[in-house]
Amino acid sequence: MKIVIIGSGLAGLSAGYRLCKSNEVIVFERDPDIGGMAASYCLEHSGKKYFIERYYHHIFRSDSELLTLIKELGLEKKMLWLEAKNAYFVDGKNYPMSTPFEILHFKPLSTLDLVKLGLLVFRIRLIKDTTPYDRIKAKDWILDTAGKSVYENFFAPLMKSKFGDNADSVSAAWLIGRVKIRSDRGKEGEKLGYMRGGFNSLVEALAGEITVNGGEIRTGREVTEIVIKDNAVQGVVTGGEFIACDAVISTVEPVVLDAITGGKLGTLHETLRDIRYQGTACALIGLDVRLMKNGNYWLNIKADVPFGAVIEHTNYVPFEDYGEHLVYVTSYFQNEKSTLWTQKEEDVIESYMKGLERMFPEFSRSRVRWTKLYRRIDTAPVYEKGYLEKVLPFAAGPYGLYLAGMFSSTNYPERSMNGSVKAGFESAELLMKEKEIKSK
Ligand SMILES: Cc1cc2nc3c(=O)[nH]c(=O)nc-3n(C[C@H](O)[C@H](O)[C@H](O)COP(=O)(O)OP(=O)(O)OC[C@H]3O[C@@H](n4cnc5c(N)ncnc54)[C@H](O)[C@@H]3O)c2cc1C
(Lines give C-alpha, C1' and ligand atoms only; values in the text may rest on other atoms or scores of the structure.)
Protein backbone atom coordinates (compact mmCIF):
# COMPACT_ATOMS: atom_id res chain seq x y z
CA MET A 1 0.00 0.00 0.00
CA LYS A 2 1.31 3.48 -0.87
CA ILE A 3 0.94 5.98 1.96
CA VAL A 4 1.60 9.71 1.83
CA ILE A 5 2.37 11.50 5.08
CA ILE A 6 2.03 15.27 5.14
CA GLY A 7 4.53 16.84 7.55
CA SER A 8 7.83 15.59 8.96
CA GLY A 9 7.27 16.61 12.59
CA LEU A 10 7.28 13.91 15.26
CA ALA A 11 3.69 12.87 14.44
CA GLY A 12 4.50 12.34 10.76
CA LEU A 13 7.86 10.66 11.34
CA SER A 14 6.44 8.34 14.03
CA ALA A 15 3.59 7.29 11.74
CA GLY A 16 6.09 6.75 8.91
CA TYR A 17 8.33 4.70 11.18
CA ARG A 18 5.44 2.40 12.15
CA LEU A 19 4.30 1.94 8.54
CA CYS A 20 7.52 1.84 6.52
CA LYS A 21 8.37 -1.84 7.01
CA SER A 22 5.22 -3.12 5.32
CA ASN A 23 4.22 -0.21 3.09
CA GLU A 24 5.59 2.29 0.61
CA VAL A 25 5.85 5.55 2.57
CA ILE A 26 6.45 9.06 1.21
CA VAL A 27 6.70 12.00 3.61
CA PHE A 28 6.19 15.48 2.14
CA GLU A 29 7.56 18.36 4.17
CA ARG A 30 6.96 22.02 3.32
CA ASP A 31 10.10 23.27 5.10
CA PRO A 32 13.66 22.74 3.90
CA ASP A 33 14.39 20.69 7.06
CA ILE A 34 12.68 17.85 8.86
CA GLY A 35 11.50 17.76 12.49
CA GLY A 36 8.77 20.43 12.50
CA MET A 37 8.69 22.12 15.86
CA ALA A 38 11.28 19.71 17.20
CA ALA A 39 13.78 20.71 14.47
CA SER A 40 17.26 21.89 15.42
CA TYR A 41 19.92 24.34 14.33
CA CYS A 42 23.27 22.85 13.45
CA LEU A 43 25.85 25.27 14.88
CA GLU A 44 29.59 25.27 15.19
CA HIS A 45 31.90 26.34 17.97
CA SER A 46 35.72 26.09 17.80
CA GLY A 47 35.41 23.86 14.75
CA LYS A 48 33.03 21.45 16.55
CA LYS A 49 29.46 21.01 15.30
CA TYR A 50 26.53 20.69 17.64
CA PHE A 51 22.74 20.53 17.38
CA ILE A 52 20.37 22.61 19.46
CA GLU A 53 16.58 22.79 19.15
CA ARG A 54 15.11 25.92 17.59
CA TYR A 55 12.50 25.81 20.33
CA TYR A 56 13.63 24.74 23.83
CA HIS A 57 12.64 21.12 24.56
CA HIS A 58 12.82 18.68 27.43
CA ILE A 59 10.77 15.67 28.47
CA PHE A 60 9.10 14.26 31.54
CA ARG A 61 9.32 10.81 33.12
CA SER A 62 5.64 10.33 32.31
CA ASP A 63 6.32 10.60 28.54
CA SER A 64 6.11 6.84 28.23
CA GLU A 65 5.54 6.40 24.46
CA LEU A 66 8.41 8.73 23.67
CA LEU A 67 10.76 7.01 26.11
CA THR A 68 9.81 3.59 24.72
CA LEU A 69 10.48 4.85 21.21
CA ILE A 70 13.87 6.24 22.22
CA LYS A 71 14.73 2.81 23.66
CA GLU A 72 13.43 0.99 20.57
CA LEU A 73 15.68 3.14 18.37
CA GLY A 74 18.72 2.26 20.51
CA LEU A 75 19.08 5.85 21.76
CA GLU A 76 18.47 5.17 25.44
CA LYS A 77 22.12 5.73 26.32
CA LYS A 78 21.76 9.33 25.19
CA MET A 79 19.09 10.08 27.79
CA LEU A 80 20.06 12.48 30.56
CA TRP A 81 17.90 13.26 33.61
CA LEU A 82 19.14 16.56 34.90
CA GLU A 83 18.18 18.97 37.62
CA ALA A 84 16.40 21.97 36.18
CA LYS A 85 16.24 25.05 38.41
CA ASN A 86 13.10 27.14 38.04
CA ALA A 87 12.46 30.66 39.24
CA TYR A 88 9.81 33.36 38.95
CA PHE A 89 10.92 36.94 38.23
CA VAL A 90 8.42 39.28 39.85
CA ASP A 91 8.79 43.06 39.93
CA GLY A 92 12.57 43.03 39.62
CA LYS A 93 13.25 40.12 41.98
CA ASN A 94 14.08 36.50 41.40
CA TYR A 95 12.19 33.90 43.46
CA PRO A 96 13.51 30.34 43.30
CA MET A 97 10.69 27.89 42.55
CA SER A 98 12.42 24.54 42.15
CA THR A 99 11.46 22.71 45.30
CA PRO A 100 8.09 22.52 47.10
CA PHE A 101 9.82 24.33 50.00
CA GLU A 102 10.82 27.24 47.73
CA ILE A 103 7.37 27.45 46.16
CA LEU A 104 5.81 27.61 49.62
CA HIS A 105 8.11 30.55 50.45
CA PHE A 106 7.18 32.63 47.42
CA LYS A 107 7.27 36.13 48.98
CA PRO A 108 4.79 37.93 46.69
CA LEU A 109 2.05 35.74 48.26
CA SER A 110 0.89 36.08 51.87
CA THR A 111 1.05 33.05 54.20
CA LEU A 112 -2.68 32.53 53.77
CA ASP A 113 -2.35 32.65 49.97
CA LEU A 114 0.53 30.19 50.09
CA VAL A 115 -1.66 27.80 52.06
CA LYS A 116 -4.40 28.25 49.44
CA LEU A 117 -1.87 27.64 46.66
CA GLY A 118 -0.55 24.52 48.40
CA LEU A 119 -4.09 23.16 48.83
CA LEU A 120 -4.90 23.90 45.20
CA VAL A 121 -1.80 21.99 44.00
CA PHE A 122 -2.66 19.11 46.36
CA ARG A 123 -6.22 19.03 45.03
CA ILE A 124 -4.98 19.08 41.43
CA ARG A 125 -2.69 16.15 42.10
CA LEU A 126 -5.68 14.09 43.23
CA ILE A 127 -7.63 14.76 40.01
CA LYS A 128 -7.51 11.67 37.78
CA ASP A 129 -9.84 12.75 34.97
CA THR A 130 -9.64 16.33 33.66
CA THR A 131 -12.72 15.93 31.39
CA PRO A 132 -15.22 17.71 33.70
CA TYR A 133 -12.85 20.70 33.89
CA ASP A 134 -12.89 21.21 30.13
CA ARG A 135 -16.10 23.22 30.41
CA ILE A 136 -14.78 25.57 33.11
CA LYS A 137 -12.45 28.50 32.53
CA ALA A 138 -9.14 28.20 34.39
CA LYS A 139 -9.50 31.77 35.63
CA ASP A 140 -12.94 31.13 37.17
CA TRP A 141 -11.82 27.87 38.71
CA ILE A 142 -8.76 29.42 40.39
CA LEU A 143 -10.80 32.40 41.62
CA ASP A 144 -13.36 29.99 43.12
CA THR A 145 -10.88 27.61 44.70
CA ALA A 146 -7.88 29.75 45.70
CA GLY A 147 -9.07 33.35 45.49
CA LYS A 148 -8.22 36.59 43.72
CA SER A 149 -4.77 37.17 45.14
CA VAL A 150 -3.45 33.69 44.23
CA TYR A 151 -4.90 34.17 40.76
CA GLU A 152 -3.54 37.68 40.18
CA ASN A 153 -0.15 37.29 41.80
CA PHE A 154 0.69 33.76 40.77
CA PHE A 155 -1.31 32.26 37.90
CA ALA A 156 -2.41 35.26 35.84
CA PRO A 157 1.11 36.36 34.72
CA LEU A 158 2.00 32.74 33.83
CA MET A 159 -1.19 32.27 31.85
CA LYS A 160 -0.78 35.65 30.18
CA SER A 161 2.73 34.77 29.06
CA LYS A 162 1.48 31.48 27.61
CA PHE A 163 -1.82 32.59 26.03
CA GLY A 164 -1.67 36.42 25.85
CA ASP A 165 -5.12 37.89 25.26
CA ASN A 166 -6.61 34.39 25.19
CA ALA A 167 -5.53 33.66 28.78
CA ASP A 168 -8.96 34.35 30.24
CA SER A 169 -10.67 31.79 28.00
CA VAL A 170 -8.29 28.85 28.63
CA SER A 171 -9.90 25.75 30.17
CA ALA A 172 -9.28 24.54 33.71
CA ALA A 173 -8.45 21.15 32.16
CA TRP A 174 -5.35 22.67 30.53
CA LEU A 175 -4.27 24.31 33.78
CA ILE A 176 -4.77 21.11 35.78
CA GLY A 177 -2.76 19.08 33.25
CA ARG A 178 0.04 21.62 33.34
CA VAL A 179 0.21 21.89 37.15
CA LYS A 180 0.07 18.09 37.51
CA ILE A 181 3.07 17.56 35.28
CA ARG A 182 5.11 20.45 36.71
CA SER A 183 4.39 19.58 40.34
CA ASP A 184 5.60 16.00 39.92
CA ARG A 185 8.91 16.63 41.68
CA GLY A 186 10.69 15.47 44.81
CA LYS A 187 12.04 17.47 47.74
CA GLU A 188 15.24 18.18 45.81
CA GLY A 189 13.47 19.68 42.79
CA GLU A 190 12.58 18.77 39.24
CA LYS A 191 14.60 16.46 36.98
CA LEU A 192 13.85 16.84 33.31
CA GLY A 193 14.91 14.59 30.46
CA TYR A 194 17.08 15.59 27.52
CA MET A 195 18.99 13.67 24.86
CA ARG A 196 22.70 14.24 24.69
CA GLY A 197 23.26 15.70 21.22
CA GLY A 198 19.71 17.06 21.26
CA PHE A 199 16.37 15.70 20.03
CA ASN A 200 17.83 15.95 16.55
CA SER A 201 19.16 12.41 17.18
CA LEU A 202 15.57 11.21 17.55
CA VAL A 203 14.38 13.04 14.43
CA GLU A 204 17.32 11.69 12.41
CA ALA A 205 16.88 8.14 13.72
CA LEU A 206 13.20 8.09 12.74
CA ALA A 207 13.97 9.53 9.31
CA GLY A 208 16.80 6.99 8.91
CA GLU A 209 14.44 4.08 9.66
CA ILE A 210 11.97 5.33 7.05
CA THR A 211 14.58 5.67 4.31
CA VAL A 212 16.45 2.46 5.13
CA ASN A 213 13.16 0.62 4.70
CA GLY A 214 12.65 2.09 1.24
CA GLY A 215 10.56 5.11 2.22
CA GLU A 216 11.18 8.65 1.00
CA ILE A 217 11.24 12.02 2.73
CA ARG A 218 10.94 14.95 0.39
CA THR A 219 11.61 18.37 1.90
CA GLY A 220 10.65 21.73 0.42
CA ARG A 221 7.47 20.04 -0.87
CA GLU A 222 4.25 21.64 0.27
CA VAL A 223 1.11 19.61 -0.27
CA THR A 224 -1.47 21.94 -1.76
CA GLU A 225 -4.33 19.48 -2.20
CA ILE A 226 -5.57 16.16 -0.90
CA VAL A 227 -7.59 14.71 -3.75
CA ILE A 228 -10.79 13.02 -2.57
CA LYS A 229 -13.25 11.33 -4.94
CA ASP A 230 -16.30 9.22 -4.09
CA ASN A 231 -15.50 9.75 -0.42
CA ALA A 232 -12.09 8.08 -0.77
CA VAL A 233 -8.57 9.48 -0.95
CA GLN A 234 -7.01 9.34 -4.43
CA GLY A 235 -3.72 11.11 -3.79
CA VAL A 236 -2.13 14.49 -3.14
CA VAL A 237 -0.90 17.42 -5.21
CA THR A 238 2.53 18.88 -4.49
CA GLY A 239 4.52 21.24 -6.70
CA GLY A 240 1.73 20.94 -9.28
CA GLU A 241 2.26 17.17 -9.52
CA PHE A 242 -0.42 14.61 -8.68
CA ILE A 243 0.87 11.73 -6.56
CA ALA A 244 -1.56 8.81 -6.39
CA CYS A 245 -1.72 6.87 -3.14
CA ASP A 246 -3.95 4.55 -1.11
CA ALA A 247 -3.94 6.55 2.11
CA VAL A 248 -2.86 9.91 3.52
CA ILE A 249 -1.89 10.83 7.06
CA SER A 250 -2.11 14.57 7.56
CA THR A 251 -0.29 16.21 10.48
CA VAL A 252 -0.83 19.83 9.42
CA GLU A 253 -2.65 22.59 11.25
CA PRO A 254 -6.49 22.13 11.06
CA VAL A 255 -7.10 25.33 9.07
CA VAL A 256 -4.51 24.19 6.50
CA LEU A 257 -6.15 20.76 6.31
CA ASP A 258 -9.46 22.44 5.64
CA ALA A 259 -7.89 24.45 2.82
CA ILE A 260 -6.11 21.52 1.15
CA THR A 261 -9.24 19.36 1.26
CA GLY A 262 -11.24 22.23 -0.25
CA GLY A 263 -13.53 22.35 2.82
CA LYS A 264 -14.86 18.90 1.86
CA LEU A 265 -14.54 17.15 5.21
CA GLY A 266 -18.27 17.40 5.93
CA THR A 267 -18.99 17.67 9.64
CA LEU A 268 -15.31 18.36 10.43
CA HIS A 269 -15.20 21.45 8.20
CA GLU A 270 -16.57 23.84 10.85
CA THR A 271 -14.36 22.39 13.60
CA LEU A 272 -11.25 22.71 11.45
CA ARG A 273 -11.97 26.39 10.98
CA ASP A 274 -12.82 26.82 14.62
CA ILE A 275 -9.59 25.51 16.19
CA ARG A 276 -7.36 28.47 16.95
CA TYR A 277 -3.60 28.17 17.01
CA GLN A 278 -1.02 30.56 18.43
CA GLY A 279 2.55 31.27 17.41
CA THR A 280 5.93 31.45 19.13
CA ALA A 281 8.79 33.88 18.51
CA CYS A 282 11.83 32.29 20.10
CA ALA A 283 15.30 33.80 20.06
CA LEU A 284 18.39 31.71 20.75
CA ILE A 285 21.39 33.69 21.93
CA GLY A 286 25.01 32.50 22.09
CA LEU A 287 26.94 34.20 24.89
CA ASP A 288 30.48 33.98 26.15
CA VAL A 289 29.32 34.31 29.77
CA ARG A 290 26.47 32.90 31.81
CA LEU A 291 23.35 35.06 31.86
CA MET A 292 21.77 33.67 35.04
CA LYS A 293 24.64 33.21 37.46
CA ASN A 294 22.32 31.61 40.05
CA GLY A 295 22.10 28.58 37.77
CA ASN A 296 18.45 29.00 36.76
CA TYR A 297 17.31 27.00 33.78
CA TRP A 298 13.78 28.33 33.47
CA LEU A 299 12.71 31.81 34.49
CA ASN A 300 9.05 32.78 34.29
CA ILE A 301 8.50 36.51 34.19
CA LYS A 302 6.09 39.08 35.55
CA ALA A 303 7.62 42.29 34.23
CA ASP A 304 7.18 44.80 31.44
CA VAL A 305 9.26 42.99 28.81
CA PRO A 306 8.17 41.64 25.41
CA PHE A 307 8.80 37.99 26.32
CA GLY A 308 7.37 35.56 28.85
CA ALA A 309 10.32 33.35 29.75
CA VAL A 310 14.11 33.17 29.66
CA ILE A 311 15.55 29.67 29.44
CA GLU A 312 19.27 29.14 29.88
CA HIS A 313 19.88 25.80 28.21
CA THR A 314 23.48 25.55 29.40
CA ASN A 315 22.36 25.91 33.02
CA TYR A 316 20.65 22.58 32.43
CA VAL A 317 22.64 20.60 29.84
CA PRO A 318 26.43 20.68 30.40
CA PHE A 319 28.11 23.75 28.93
CA GLU A 320 30.99 21.50 27.76
CA ASP A 321 28.68 19.93 25.16
CA TYR A 322 28.56 23.29 23.38
CA GLY A 323 31.50 25.44 24.48
CA GLU A 324 29.27 28.53 24.62
CA HIS A 325 26.37 29.66 26.79
CA LEU A 326 22.97 29.21 25.16
CA VAL A 327 19.91 31.20 26.20
CA TYR A 328 16.38 31.15 24.78
CA VAL A 329 14.24 34.27 25.07
CA THR A 330 10.71 33.50 24.05
CA SER A 331 7.15 34.65 23.71
CA TYR A 332 3.92 33.20 22.43
CA PHE A 333 1.81 35.45 20.23
CA GLN A 334 -1.85 35.20 19.36
CA ASN A 335 -2.21 36.02 15.67
CA GLU A 336 -0.55 37.36 12.55
CA LYS A 337 -1.19 40.96 13.65
CA SER A 338 1.23 40.64 16.57
CA THR A 339 4.40 42.72 16.22
CA LEU A 340 6.36 39.59 17.09
CA TRP A 341 5.17 38.26 13.73
CA THR A 342 5.06 41.48 11.66
CA GLN A 343 8.32 43.09 12.78
CA LYS A 344 11.60 42.39 11.04
CA GLU A 345 13.74 39.75 12.71
CA GLU A 346 16.34 42.27 13.85
CA ASP A 347 13.62 44.43 15.45
CA VAL A 348 12.27 41.50 17.47
CA ILE A 349 15.81 40.67 18.59
CA GLU A 350 16.40 44.32 19.48
CA SER A 351 13.23 44.41 21.62
CA TYR A 352 14.31 41.19 23.38
CA MET A 353 17.80 42.62 24.02
CA LYS A 354 16.32 45.75 25.57
CA GLY A 355 14.13 43.56 27.78
CA LEU A 356 17.16 41.55 28.91
CA GLU A 357 19.01 44.78 29.73
CA ARG A 358 16.09 45.89 31.90
CA MET A 359 15.89 42.57 33.71
CA PHE A 360 19.59 41.78 34.11
CA PRO A 361 21.64 44.95 34.85
CA GLU A 362 24.89 43.00 34.43
CA PHE A 363 23.90 41.76 30.95
CA SER A 364 26.09 43.28 28.25
CA ARG A 365 25.55 43.00 24.52
CA SER A 366 29.31 42.85 24.09
CA ARG A 367 29.13 39.28 25.44
CA VAL A 368 26.62 38.21 22.77
CA ARG A 369 28.29 36.11 20.06
CA TRP A 370 25.30 35.55 17.81
CA THR A 371 21.52 35.56 17.81
CA LYS A 372 18.90 33.53 15.95
CA LEU A 373 15.15 33.89 15.77
CA TYR A 374 12.67 31.14 14.95
CA ARG A 375 9.05 32.13 14.44
CA ARG A 376 6.08 30.01 13.52
CA ILE A 377 2.45 30.97 13.63
CA ASP A 378 1.11 27.45 14.22
CA THR A 379 2.88 26.25 17.36
CA ALA A 380 0.02 25.30 19.69
CA PRO A 381 -3.75 25.03 19.74
CA VAL A 382 -5.38 27.48 22.14
CA TYR A 383 -7.00 25.17 24.68
CA GLU A 384 -10.10 27.23 25.32
CA LYS A 385 -13.02 26.19 27.49
CA GLY A 386 -14.92 23.48 25.61
CA TYR A 387 -11.90 22.51 23.48
CA LEU A 388 -12.54 18.79 24.07
CA GLU A 389 -15.39 18.92 21.56
CA LYS A 390 -12.93 20.13 18.92
CA VAL A 391 -10.34 17.38 19.39
CA LEU A 392 -9.98 15.80 15.95
CA PRO A 393 -10.50 12.07 15.33
CA PHE A 394 -7.72 9.87 13.91
CA ALA A 395 -9.94 8.98 10.93
CA ALA A 396 -11.17 12.05 9.08
CA GLY A 397 -14.21 10.60 7.29
CA PRO A 398 -13.23 9.88 3.68
CA TYR A 399 -11.78 6.39 3.27
CA GLY A 400 -7.99 6.47 3.51
CA LEU A 401 -7.62 9.87 5.24
CA TYR A 402 -6.08 9.90 8.72
CA LEU A 403 -5.11 12.71 11.07
CA ALA A 404 -2.39 12.93 13.73
CA GLY A 405 -0.82 15.92 15.42
CA MET A 406 -1.17 18.61 18.04
CA PHE A 407 -4.94 18.58 17.50
CA SER A 408 -5.27 14.87 18.44
CA SER A 409 -6.68 13.52 21.71
CA THR A 410 -3.17 12.40 22.73
CA ASN A 411 -2.17 16.07 22.87
CA TYR A 412 -4.98 17.31 25.10
CA PRO A 413 -4.89 19.01 27.55
CA GLU A 414 -1.24 19.79 26.72
CA ARG A 415 0.64 19.23 23.49
CA SER A 416 4.02 17.57 23.66
CA MET A 417 6.47 15.46 21.70
CA ASN A 418 5.06 12.43 23.51
CA GLY A 419 1.53 13.36 22.45
CA SER A 420 2.55 13.71 18.79
CA VAL A 421 4.52 10.43 18.79
CA LYS A 422 1.48 8.71 20.28
CA ALA A 423 -0.82 10.36 17.73
CA GLY A 424 1.45 9.19 14.88
CA PHE A 425 1.37 5.62 16.21
CA GLU A 426 -2.39 5.60 16.76
CA SER A 427 -3.15 6.90 13.26
CA ALA A 428 -0.78 4.30 11.75
CA GLU A 429 -2.38 1.48 13.75
CA LEU A 430 -5.89 2.55 12.74
CA LEU A 431 -4.83 2.72 9.10
CA MET A 432 -3.36 -0.81 9.23
CA LYS A 433 -6.46 -2.15 10.98
CA GLU A 434 -8.83 -0.62 8.41
CA LYS A 435 -6.65 -1.90 5.58
CA GLU A 436 -6.83 -5.41 7.02
CA ILE A 437 -10.62 -5.20 7.36
CA LYS A 438 -10.96 -4.01 3.75
CA SER A 439 -8.70 -6.71 2.36
CA LYS A 440 -10.77 -9.50 4.02
C1 LIG B 1 8.28 26.87 22.06
C2 LIG B 1 7.95 25.42 22.14
C3 LIG B 1 8.46 24.65 23.16
C4 LIG B 1 8.13 23.31 23.27
N5 LIG B 1 8.66 22.59 24.28
C6 LIG B 1 8.36 21.30 24.39
C7 LIG B 1 8.95 20.52 25.40
O8 LIG B 1 9.74 21.01 26.19
N9 LIG B 1 8.59 19.21 25.50
C10 LIG B 1 7.70 18.63 24.64
O11 LIG B 1 7.42 17.44 24.75
N12 LIG B 1 7.12 19.35 23.64
C13 LIG B 1 7.43 20.66 23.50
N14 LIG B 1 6.88 21.39 22.51
C15 LIG B 1 5.83 20.77 21.67
C16 LIG B 1 6.38 19.85 20.59
O17 LIG B 1 7.41 20.47 19.88
C18 LIG B 1 5.24 19.51 19.63
O19 LIG B 1 4.12 19.04 20.34
C20 LIG B 1 5.61 18.46 18.57
O21 LIG B 1 6.92 18.63 18.10
C22 LIG B 1 4.61 18.60 17.43
O23 LIG B 1 4.86 17.65 16.42
P24 LIG B 1 3.81 17.49 15.23
O25 LIG B 1 4.40 16.53 14.28
O26 LIG B 1 2.47 17.19 15.78
O27 LIG B 1 3.68 18.93 14.58
P28 LIG B 1 4.78 19.79 13.79
O29 LIG B 1 6.09 19.61 14.41
O30 LIG B 1 4.20 21.16 13.68
O31 LIG B 1 4.83 19.10 12.35
C32 LIG B 1 3.96 19.43 11.28
C33 LIG B 1 4.80 19.53 10.02
O34 LIG B 1 3.95 19.72 8.89
C35 LIG B 1 4.60 20.58 7.99
N36 LIG B 1 3.58 21.12 7.08
C37 LIG B 1 2.61 22.02 7.36
N38 LIG B 1 1.83 22.24 6.27
C39 LIG B 1 2.34 21.44 5.29
C40 LIG B 1 1.95 21.20 3.93
N41 LIG B 1 0.88 21.79 3.37
N42 LIG B 1 2.69 20.33 3.19
C43 LIG B 1 3.77 19.69 3.74
N44 LIG B 1 4.16 19.88 5.03
C45 LIG B 1 3.44 20.74 5.79
C46 LIG B 1 5.23 21.62 8.90
O47 LIG B 1 6.28 22.33 8.24
C48 LIG B 1 5.75 20.73 10.05
O49 LIG B 1 7.07 20.28 9.81
C50 LIG B 1 7.24 22.73 22.34
C51 LIG B 1 6.74 23.50 21.28
C52 LIG B 1 7.10 24.84 21.19
C53 LIG B 1 6.55 25.65 20.07
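Into which domains is the protein chain divided? I looked this up first, taking the bounds from an automatic or database domain assignment. The chain splits into domain 1 (2-57 + 199-275 + 384-439), domain 2 (79-83 + 190-196 + 277-381) and domain 3 (99-182).

I note that this is a predicted model, in which local features need pLDDT of at least 70 and side-chain atom pairs count only at pLDDT 80 or more, while totals for chains, interfaces and linings use all residues. Residues are numbered from 1 along each chain as its sequence is written, and side-chain values use heavy atoms, with hydrogens and water left out.

**Entry: domain 2 and domain 3**

I found the centres of domain 2 and domain 3, taken over C-alpha atoms, to be separated by 24 Å. Nine residues of domain 2 and 11 residues of domain 3 take part in the contact (heavy atoms within 4.5 Å). The two domains bury about 870 Å² between them, with 45% of it on carbon and sulfur atoms; this is the accessible area (1.4 Å probe) lost on being put together, summed over both parts. On the side of domain 2, E190, Y332 and Q334 supply 45% of the area buried against domain 3, more than any other three residues.

**Entry: the ligand**

I listed 29 residues around the ligand, the closest being E29, H57, H58, M417 and S420 (a heavy atom within 4 Å). An N or O atom in the side chain of S420 lies 2.7 Å from an oxygen atom of the ligand. For M37, a polar backbone atom is 2.8 Å from a ligand oxygen atom.

Terms used:
Polar contact = N/O pair within 3.5 Å; in protein donor to acceptor, adjacent residues only side chain to side chain.
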